[in-house]
Every structure is written in structure tokens, then in C-alpha cells.
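Please keep the sequence and the model in view while reading.

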Amino acid sequence: MILLMRKGERMLYPYAEFPGRLIVTHTQPLKDKNGAVKVEVNFELPTDDGFSEARYTLPDYSCLYNDGFTPSETKRNEKILHNNAKLILAAAREKEETNA
């Protein structure tokens, strides 16, 4: 699967597709401005008007933005994030090693 990116965006790698067409992707490990290593995790859900999209960082579970998800969908996304954090981080490290 090839994911297209807009200028300035980071490469997103597929993690999982959940029932209801929810797609979860992640970056490889990235260093922030303070040198801390983080992985960005993106949630996308197709809608009639485009996509609902939310992005979080691991390992701190910070929400970078949330556009179009309802409160119950946001809760579901955050539960998925917490339940899959170790696997997502491992997949991100694997991509880092593959691309090194």
C-alpha cells in the first residue's frame, strides 16, 4: 500500500483497518525539538464529505488534532491507541530499521 503525502507531511505506514472503515497508520520514530523520540499515530475514517482525522503521539498519548470525530468515536480511538501502543511502537521501530 502506498500512501500519498502532502508537502511537509511525514510518511505514514499502515497499522490496521478496523470494522467501520477506520484506518490507523503511524510514522517511524521521530525526534521532536527537544530530542525526545515520538511516533505519530493517525486515525482516518471516510465520511460523505471526505475524512474524519485525528493524530496522536506515542509514548505520551498526546492529541495533536482531532477533526470530525464524535466524542464516542474519539473515546474508541483513544482506547485503540492505548491497547495497541506497544505494537504500534514496535512496528514503528521496525520501519526505522528497514529504512536505515
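Searching the whole structure turns up two salt bridges. The model is a predicted one, and every value below is computed from it.

One of these bridges joins the side chains of aspartate 60 and lysine 38, with an N to O distance of 2.6 Å. Its two partners come from distant parts of the chain, 22 residues apart: lysine 38 belongs to strand β4 (residues 37-47), while aspartate 60 sits in the loop between β5 (50-58) and β6 (62-67). Aspartate 60 is partly exposed, because its relative accessibility of 35% falls between the limits of 20% for buried and 50% for exposed.

The other bridge pairs glutamate 40 with arginine 55, and here the closest N and O atoms lie 3.1 Å apart. This pair also links distant parts of the chain, with glutamate 40 in strand β4 and arginine 55 in strand β5, at a separation of 15 residues. Are these two residues buried or exposed? Glutamate 40 counts as buried, since its relative accessibility is 14% and the cut-off is under 20%. Arginine 55, at 9% relative accessibility, counts as buried as well. In general, side chains of opposite charge can pair when their charged atoms come close.

Where is threonine 27 placed? It lies in the loop between β2 (22-26) and β3 (30-31). Despite this loop position, threonine 27 is buried, with a relative accessible area of 1%.

The chain contains six strands and one helix. The chain has 100 residues, and 33% of them count as buried. Among contacts with a separation of 6 or more, 28% are between residues 24 or more positions apart. The accessible surface of the chain amounts to about 6700 Å², and carbon and sulfur atoms account for 52% of that area.

Methods
Residues are numbered from 1 along each chain as its sequence is written. This is a predicted model: local features need pLDDT of at least 70, side-chain atom pairs count only at pLDDT 80 or more; totals for chains, interfaces and linings use all residues. Side-chain values use heavy atoms; hydrogens and water are left out. Helices (H or I, at least four residues) and strands (E, at least two) are DSSP runs, numbered from the N terminus. Buried means under 20% relative accessible area, exposed over 50%, partly exposed in between (1.4 Å probe, protein chains only). A salt bridge is a side-chain nitrogen of Lys or Arg within 4 Å of a carboxyl oxygen of Asp or Glu. Contact means heavy atoms within 4.5 Å. Accessible areas come from the Shrake-Rupley method with a 1.4 Å probe; for residues, only the protein chains shown count as cover.
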